Amino acid sequence: SNINQNQMPNFKYWKDQKPPAPGTLFTDPLFPPNRNSLLALDSNGKPIDPIAYKDHQDFVKQTDNYTFARPNEIFGSDYKLFSGKIEVNDIIQGALGDCYFLTALANLTKFPGIIFKKIFRTQQISKNGYYELVLRIDGIPRIVIIDDYIPVYKTNKKPCFAFPHGNELWVMLLEKAWAKINGGYLNIIAGKVAEPFEVLTGFSSRIYSIKPNMSDQEQKEILDEIKNAFQTNCFISCSSKADKEILKLGLVDNHAYSILDIKNVETIYRTNYTLLRLRNPWSRTEWTGDWSDNSNYWDENNKKQV
């Protein structure tokens, strides 16, 4: 995380794409601001992934409401690449179903140097709209070139996919780079968090399945793995299954969550619990079950413990 710009390795450009001529306002010829990039269509207008295209017809219809805009059309003259400190609340999911990708980004904010120095080769706002990011594609670090055209609503020029709390661009540009290497925004709807974890960091991943009716010992083993992950500075996330019953508890079904913390707490009755702190990339909906804000489980003692 302490690498500076002139120490970065001389990575190869993805698909051997060349930087634009100096002083040119850049528009990416491989991922232009048009319908093909939104719907993951090839140059002949055919879906790159026909199955994904068929599965996401609702998204296809919605794209009639979308266009592309440069940052000055979205924010005016007041915008930055990074607005000071990188924080988990910088990341909000929009109308695109890429919660798994934004969950991975939320985890990376724990070590912002990975984003600042190992992913973004371009460190400041680019006046010609040209940015370079390093992504590990098939395990090999590659420079991915993107322009700064962002998908927006036609009616108000507000970002329609991932967007920040403030006026910084980094989240939207990273989402765009992820869409580019996958062929288009439609192709990044739904996925496993392990995929962007590996592409963003170059680290390997491990996936665990939580089964119904797990024994106490099996539950303990899973929790021990989560504790170990935090102790060794690993990134960790979870996802919910497609089960409408969990909606009653304030969770979203078939959705990805970052795991931001794990704590052991003891109640006044000397009962021990292990609590997980989850973050919804939507930045809305809240847990309403045991240990929620108004739960009777809380007392002054265990509040101090967390």
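Leaving aside neighbours within four places in sequence, Ser295 is in contact with Gly289 and Asp290; contact means heavy atoms within 4.5 Å. This is a predicted model: local features need pLDDT of at least 70, side-chain atom pairs count only at pLDDT 80 or more, and totals for chains, interfaces and linings use all residues. Residues are numbered from 1 along each chain as its sequence is written, and side-chain values use heavy atoms, with hydrogens and water left out.

Confidence comes next. The term pLDDT is the predictor's confidence in each residue, from 0 to 100. The chain has a mean pLDDT of 87. In 96% of its residues the value reaches 70 or more. Residues 1–6 have a pLDDT below 50. Beyond near neighbours in sequence, that stretch has 11 contacts in the model.

Back to Ser295. Its place is the loop between strand E8 (272–279) and helix H10 (300–305). Helices (H or I, at least four residues) and strands (E, at least two) are DSSP runs, numbered from the N terminus. Ser295 counts as buried because its relative accessibility is 14%. Buried means under 20% relative accessible area, exposed over 50%, and partly exposed in between (1.4 Å probe, protein chains only). The side chain of Ser295 also reaches the backbone nitrogen of Trp291, at 3.1 Å.

Tyr297 lies in the loop between E8 and H10. With a relative accessible area of 29%, Tyr297 is partly exposed. Leaving aside neighbours within four places in sequence, Tyr297 is in contact with Tyr273, Asp290, Trp291 and Asn302. Asp243 is 54 residues from Tyr297 in sequence. In space, the two are 26 Å apart, C-alpha to C-alpha.

Now turn to helix H8, residues 194–201. H8 is mostly covered, with 6 of its 8 residues buried. The buried residues are Ala194, Pro196, Phe197, Val199, Leu200 and Thr201. They pack against helix H5 (99–108), helix H6 (112–119) and helix H7 (170–181). Strand E3 (130–137) and strand E6 (237–239) are also among the elements they pack against. Gly202 follows H8, and its phi is positive, near 80°.

The packing of H7 on H8 can be followed residue by residue. Leu174, Trp178 and Ile181 in H7 meet Glu195, Pro196, Val199 and Leu200 in H8. The residues of this contact divide into 6 nonpolar, no polar and 1 charged. Here Ala, Val, Leu, Ile, Met, Phe, Trp, Tyr, Cys and Pro count as nonpolar, Asp, Glu, Lys and Arg as charged, and the others, Gly among them, as polar. The two helices pack at an angle of about 105°, with their axes 12 Å apart. That makes H7 roughly perpendicular to H8. Axes are lines fitted to C-alpha atoms, for helices over the stretch in contact, and angles run from 0 to 180 degrees between N-to-C directions. Angles under 35 degrees count as roughly parallel, over 145 as roughly antiparallel, 65 to 115 as roughly perpendicular and the rest as oblique.

Two loop residues remain. Lys15 is found in the loop between strand E1 (12–13) and helix H1 (35–39). Its phi is near 60°, a positive value in a residue other than glycine. Lys15 counts as exposed, at 58% relative accessibility. Asp138 is found in the loop between E3 and strand E4 (140–147). Asp138 has a positive phi, near 55°, and is a residue other than glycine. With a relative accessible area of 77%, Asp138 is exposed.

Key:
Polar contact = N/O pair within 3.5 Å; in protein donor to acceptor, adjacent residues only side chain to side chain.
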